[in-house]
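Look over the model, then work through the answers.

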Amino acid sequence: MVNGLPKMMSLIIMSALLLGAASVACACAPQIQKGTEKGAPVVKGDALVLVRLPDEVRASSERNVLFAALCGEIAKSVGAEVVYVSPIYEDSLSGTAHFKSSLETAEIIERLKKDKRVIGVSPNHIIRISSPAKVR
């Protein structure tokens, strides 16, 4: 017996409570925007880009400035602008950048995939988290 109830009754009550909590969580979850890759909505014209670092950039003490310039060249070649670049370290083989364009997201991604300096590219997905729970 658990808290004065038979084990089976306790399991049924616990299951019902968990099912109810899951239902509430699903009902409160944001709706997925239709027509987006992987189901999550994306920021129009934004792309997150993984860029291969040339050896001369990695070896330079000015690697962050050189990486920003490299990202600027790549962005300009596809009709975009750089919003953010990650810091680069001596042992970095790649860096990330956030590009913004007036083009559709799919178009900017297709253009970036053709650049040999780009390792990978993805849309900038909008991720939401639920409000924090109260902790006592």
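Q: What percentage of the residues in the protein chain is buried?
A: The model is predicted. Buried here means under 20% relative accessible area. Of the 136 residues in the chain, the buried share is 26%.

Q: In what order do helices and strands follow along the sequence?
A: The chain has four helices and four strands. Read along the sequence, their pattern is α-β-α-α-β-β-α-β.

Q: Which element gives the most residues to the largest nonpolar core?
A: This core has 20 residues, and Val-49, Phe-67, Phe-99 and Leu-112 have the most contacts inside it. Two or more residues each come from β1 (42-52), α3 (63-77), β3 (94-101), α4 (105-113) and β4 (118-125). With five residues, the element that gives the most is α3.

Q: Which residue of α4 (105-113) is buried and also among those with the most contacts inside the largest core?
A: The buried residues of α4 are Thr-105, Ile-108, Ile-109 and Leu-112. They fall within an arc of 100° seen down the helix axis, so they line one face of α4. Their cover includes β1, α3, β2 (80-85), β3 and β4. The core's residues with the most contacts include Leu-112.

Note on methods: Residues are numbered from 1 along each chain as its sequence is written. This is a predicted model: local features need pLDDT of at least 70, side-chain atom pairs count only at pLDDT 80 or more; totals for chains, interfaces and linings use all residues. Side-chain values use heavy atoms; hydrogens and water are left out. A nonpolar core is a set of buried Ala, Val, Leu, Ile, Met, Phe, Trp, Tyr and Cys residues joined through side-chain atoms within 4.5 Å. Buried means under 20% relative accessible area, exposed over 50%, partly exposed in between (1.4 Å probe, protein chains only). The arc is that of the directions from the helix axis to the C-beta atoms. Contact means heavy atoms within 4.5 Å.
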